[in-house]
Amino acid sequence: MAPEIRKGLKDVYLDTTESSFIDGEEGKLLYRGYNIHDLAEKSTFEEVVYLLLYGKLPNRQELQEFDGLLRANRRIPDEVIQVLDLVKNSHPMDALRTGISALSAFDPEVTDNSPEATIRKGIRLTAMGPTIVAAHHRLRSGLEPVAPNPDLNHAGNFLYMLFDKLPDQETIDLIDVDFILHAEHGANASSFGARVAASTISDLHSAVVTGVGVLKGPAHGGAAEEVMKMALEIGQPENAAEYCRNILDNGGRIMGFGHLVYRAEDPRARHLRDRSRALSEKMGQPGWFQILTYVEEEAMVPYRSRGIFVNVDFFAGSIYYLLGIPDDIFISIFALGRIPGWSLQCVEQFKDNILIRPLLEYTGDMDLEYVSIDQRS
């Protein structure tokens with residue numbers, strides 16, 4: 001009997017988890033039992049990272065100490081800055097991958113896969129990730145990297161290092177929410193990749209590098225950049241319907257719509273929709289939000305009956321664009337938010353590890369006779 005093939009391992013349960021819960025039919029997402037809507041509106045990224053890594057919300061003192069730990073671990077070694085300078089012409093995701101790999105040479109616990117050490121390394125990588133992305137961008141722009149600012153929170157410090165100026169609180173809050181929304185999302189492709197690496201009893205740095213490499217693929221993490229490119233091509237709201245129709249009639253895909261898990265609206269999308277609207281109005285550029293709204297409400301409404309709704313990436317690109325963030329850094333922001341989730345997935349994998357090794361059904365020729373090279377046509 002032929003084995004049942006589940007392409008992409010769709011609907012196959014790999015393991016149990018306490019990290020996040022997703023109800024794709026309802027459009028529900030929980031981190032460690034807490035609804036993403038509550039976390040996005042009431043929490044901070046630092047608090048969410050603590051929740052993911054330690055399994056509970058911190059009290060005031062715990063959060064203050066944890067925030068201090070993140071701030072204290074932002075600097076990266078000068079040698080890693082030199083590596084980033086050598087690869088300054090690479091894509092930001094390639095630089096992030098290379099930078100994290102280089103950091104492994106300076107981490108005293110790199111080979112310690114205990115839960116405690118893995119969490120400590122996850123904290124360090126969460127703190128240093130923004131420094132890598134910002135330093136690489138500065139170097140490729142012919143500028144000196146900006147040292148971390150200990151007076152700013154995680155999101156604010158990233159913006160400060162990227163642009164070398166103090167961001168306003170509203171902008172800080174925008175990126176803070178964005179990091180929260182990207183922090184964890186079950187056995188998605190990059191998290192699965194990280195777990196496969198961890199299952200070989202490799203190390204957290206290897207697993208996070210794997211996660212970054214998988215996330216770089218446009219089928220997983222690149223939608224925000226593509227959505228903004230689409231908006232720029234549309235140009236005006238009244239052009240949206242024809243633009244989308246031409247793509248769909250020719251077998252193309254409208255980026256930022258649909259999700260392998262959700263058959264209702266991605267619950268993360270509403271928080272970026274509201275903030276995209278507010279930012280567009282604040283910046284005096286309401287046209288971009290109007291274009292995206294027209295695509296969602298006019299061009300793509302017929303596809304809702306098939307379970308195709310906007311996902312988290314649809315409005316993210318407009319926010320990054322309006323903030324002046326280069327489009328090739330969009331996906332890196334996703335990665336920076338996801339490092340805690342990858343770290344947690346590895347903690348779970350290490351705790352009850354078994355090598356992840358699925359099977360492939362062979363459909364090629366069998367038992368062919370070997371012919372010497374002189375007798376081959």
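**Salt bridges first**

Modeller: Let's start with Lys 229 and Glu 226, whose side chains meet in a salt bridge, 3.7 Å from N to O. Keep in mind that this is a predicted model.

Colleague: Where do Lys 229 and Glu 226 lie?
Modeller: Both are in helix 11, residues 223–234. They are three residues apart, which is about one turn of the helix.

Colleague: How many salt bridges does a search of the whole structure find?
Modeller: It finds 25. One of them joins Arg 140 and Asp 328. Their closest N and O atoms are 2.7 Å apart.

Colleague: Which parts of the chain does that pair link?
Modeller: Distant ones. Arg 140 is in helix 6. Asp 328 is in the loop between helix 15 (313–322) and helix 16 (330–351). They are 188 residues apart.

Colleague: And why is Asp 328 called buried?
Modeller: Its relative accessible area is 18%, and buried means under 20%. Arg 140 is at 26% relative accessibility, so it counts as partly exposed.

Colleague: Which residues are linked in a network of salt bridges?
Modeller: Asp 107, Glu 109, Arg 120 and Arg 124.

Colleague: Back to helix 6. What span should helix 6 have?
Modeller: Helix 6 covers residues 115–140, which makes 26 residues. At 1.5 Å a residue, it should span 38 Å. The sum uses one less than the number of residues. The end C-alpha atoms are 37 Å apart, so the two values agree.

Colleague: Where does the kink in helix 6 lie?
Modeller: At Met 128. The kink is about 30°, and it comes shortly before the proline Pro 130.

Colleague: How many of the residues of helix 6 are buried?
Modeller: 22 of its 26, so helix 6 is mostly covered.

Colleague: What comes just after helix 6?
Modeller: Look at Gly 142 there. Gly 142 takes a positive phi of about 75°.

Colleague: New topic: rings. How many aromatic pairs does the structure hold?
Modeller: Ten. Take Tyr 54 and Phe 66, whose ring centres are 6.2 Å apart. Their planes sit at 85°, so the pair is edge-to-face. The cut-off for edge-to-face is over 60 degrees.

Colleague: Where are Tyr 54 and Phe 66 in the chain?
Modeller: Tyr 54 is in helix 2 (residues 45–54), and Phe 66 is in helix 3 (residues 60–72). They are twelve residues apart. Phe 66 is buried, at 3% relative accessibility. Tyr 54 is partly exposed, with a relative accessible area of 40%.

Colleague: Which rings are linked into a cluster?
Modeller: Phe 257, Phe 289, Phe 314 and Phe 315 are linked by ring pairs.

Colleague: Which residue stands opposite Tyr 31?
Modeller: Tyr 34, in strand 3.

Colleague: One more. What does the side chain of Glu 348 reach?
Modeller: The backbone nitrogen of Glu 18, at 2.9 Å. Glu 348 lies in helix 16. Glu 348 is buried, with a relative accessible area of 15%.

Colleague: And where is Val 87?
Modeller: In the loop between helix 4 (78–86) and helix 5 (92–103). Val 87 is partly exposed, with a relative accessible area of 24%. The C-alpha atoms of Val 87 and Asp 367 are separated by 47 Å. Along the chain, Val 87 and Asp 367 are 280 residues apart.

Notes. Residues numbered from 1 in each chain as written. Predicted model: local features only at pLDDT ≥ 70, side-chain atom pairs only at ≥ 80, totals over all residues. Heavy atoms only, no water. Phe/Tyr/Trp six-rings, centres within 6.5 Å; stacked < 30°, edge-to-face > 60°. Helix = DSSP H or I, 4+ residues; strand = E, 2+ residues; numbered from the N terminus. Buried < 20%, exposed > 50% of the residue type's maximum accessible area, 1.4 Å probe, protein only. Pairing = 2+ DSSP bridges. Bend = angle between axes of the 7 residues up to and from the residue. Salt bridge = Lys/Arg side-chain N within 4 Å of Asp/Glu carboxyl O. Polar contact = N/O pair within 3.5 Å; in protein donor to acceptor, adjacent residues only side chain to side chain.
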